[in-house]
Amino acid sequence: MIAALAGGVAALAGGVGGARLSRGLARLLGDRLSVIVNTGDDFEHLGLPISPDLDTVTYTLAGCANPETGWGVANESWNFMAQLRELGGPDWFLLGDRDLATHVLRREWLGQGDSLTQVTARLCQRHGIASRILPMSDDIVRTRVQTAEGLLDFQDYFVRRRCDVAISGLQFDGAREARVPAMVTEAITAAEAIIVCPSNPYVSIDPILAVGDMQARLLAVEVPRVAVSPIIGGAAVKGPAAKMMRELGHAPSSLTVAEKYHGLLHGLVIDRADAALADAIAATGLAVRITDTLMRGPEDSERLAAEVIAFARSLRVGG
Ligand code: FO1
């Protein structure tokens, strides 16, 4: 644990890269970390409320995430899927037996009147997680992908279609009317730094920024706001971020990430492989920190988290 940043850190995250940096931040900050998580990927499947990014962050912080996929639970068994298949049920979205318990409990607790924030807090408590994992909203927001074949629901595009169709845009249905939960507002207000994790800027971070007055709230606090680029050497560490950049007319690079976050950030952490872009990124007005950003295991996560915190603390903001 480090004594710096006593007021805490608010991190914005979605997906595996976001979860892995959150893991490092959690190891350093414990209950002084709040992770604000994308719920635009959430959907209802087989009558169950699935929150993939919340669960990925929760399992990763609990140390029980599947290390190969990044999502789902380690040492999973697949009896439910095997039986579902045998009975002719939809088998394109894989729900492991252990993971299934999370979705069933979420259904139960939401049905009893708990908010998604409360459900997530209960799951965190049972996993022994000291950090706060906070859905970006308790209201329903759904990411939809604009393609030549029409509008696709996010999981339809991402999992069923394996991103096999070019995208022309994204929309976050319900985001404008959605409210920022009180606990998210408190986390942002108390934070001594805002950290945007190396998540996909288009489908993980943009939905968070689109919720109600989230962006205004983030901009209102005079603390350093830094991001870690999810792009290394022109490629995404995981997922379709680089492909999306190309399809949306941008070169897949950390410079594109810098331009995408223009106005939101004070600094960007990039990988050594992209050191040649540092001057161009600095010219956009951002401070730049160069380091190894690939996170293979918990030690990498912690080292990168410590660097990101030190970088944020080195930046003078406001006043
Ligand atoms: N991703 C896949 O590529 N295939 C799956 O079958 C799949 C199942 C799944 C189940 C639970 C869960 O929490 C996540 C799951 N994911 C799966 C990952 C997930 O849908 C995406 O990685 C995120 O939505 C993008 O961040």
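A polar contact is a pair of N or O atoms within 3.5 Å; within protein, one atom must be able to donate a hydrogen and the other to accept it, and residues adjacent in sequence count only if both atoms are side-chain atoms. The model is predicted, and local features need pLDDT of at least 70, side-chain atom pairs count only at pLDDT 80 or more, and totals for chains, interfaces and linings use all residues. Residues are numbered from 1 along each chain as its sequence is written, and side-chain values use heavy atoms, with hydrogens and water left out.

**Exercise 1. Ser 254**

Task: Determine where Ser 254 lies, whether Ser 254 counts as buried or exposed, and which backbone oxygen lies 3.3 Å from a polar atom of its side chain.

Solution. 
Step 1. Ser 254 belongs to helix H11, residues 254–260. Helices (H or I, at least four residues) and strands (E, at least two) are DSSP runs, numbered from the N terminus.
Step 2. Ser 254 counts as buried because its relative accessibility is 0%. Buried means under 20% relative accessible area, exposed over 50%, and partly exposed in between (1.4 Å probe, protein chains only).
Step 3. The backbone oxygen is that of Ile 231, 3.3 Å from a polar atom of the Ser 254 side chain.
Step 4. The C-alpha atom of Ser 254 is also 6.8 Å from that of Ile 270, a residue 16 positions apart along the chain.

**Exercise 2. The ligand site**

Task: State how many residues surround the ligand, which helix gives the most to the shell, and how much of the ligand the protein buries.

Solution. 
Step 1. The ligand is surrounded by 13 residues, the closest being Asp 41, Asp 53, Phe 93, Leu 94 and Gln 155 (a heavy atom within 4 Å).
Step 2. Helices H2 (52–62) and H6 (154–160) each supply at least two residues of the shell, and H6 gives the most, with 4 residues.
Step 3. Oxygen atoms of the ligand lie 2.8 Å from a polar side-chain atom of Asp 53, 2.9 Å from a backbone N or O atom of Leu 94, and 2.9 Å from a side-chain N or O atom of Gln 155.
Step 4. The ligand taken alone exposes 530 Å², of which the protein buries 88% (Shrake-Rupley method, 1.4 Å probe).

**Exercise 3. Two positive phi values**

Task: Locate Leu 46 and Arg 162, and state what phi Leu 46 and Arg 162 have.

Solution. 
Step 1. Leu 46 lies in the loop between strands E3 (43–45) and E4 (48–50); its phi is near 55°, a positive value in a residue other than glycine.
Step 2. With a relative accessible area of 41%, Leu 46 is partly exposed.
Step 3. Arg 162 lies in the loop between H6 and E8; its phi is positive, about 50°, although Arg 162 is not a glycine.
Step 4. Arg 162 counts as exposed because its relative accessibility is 70%.
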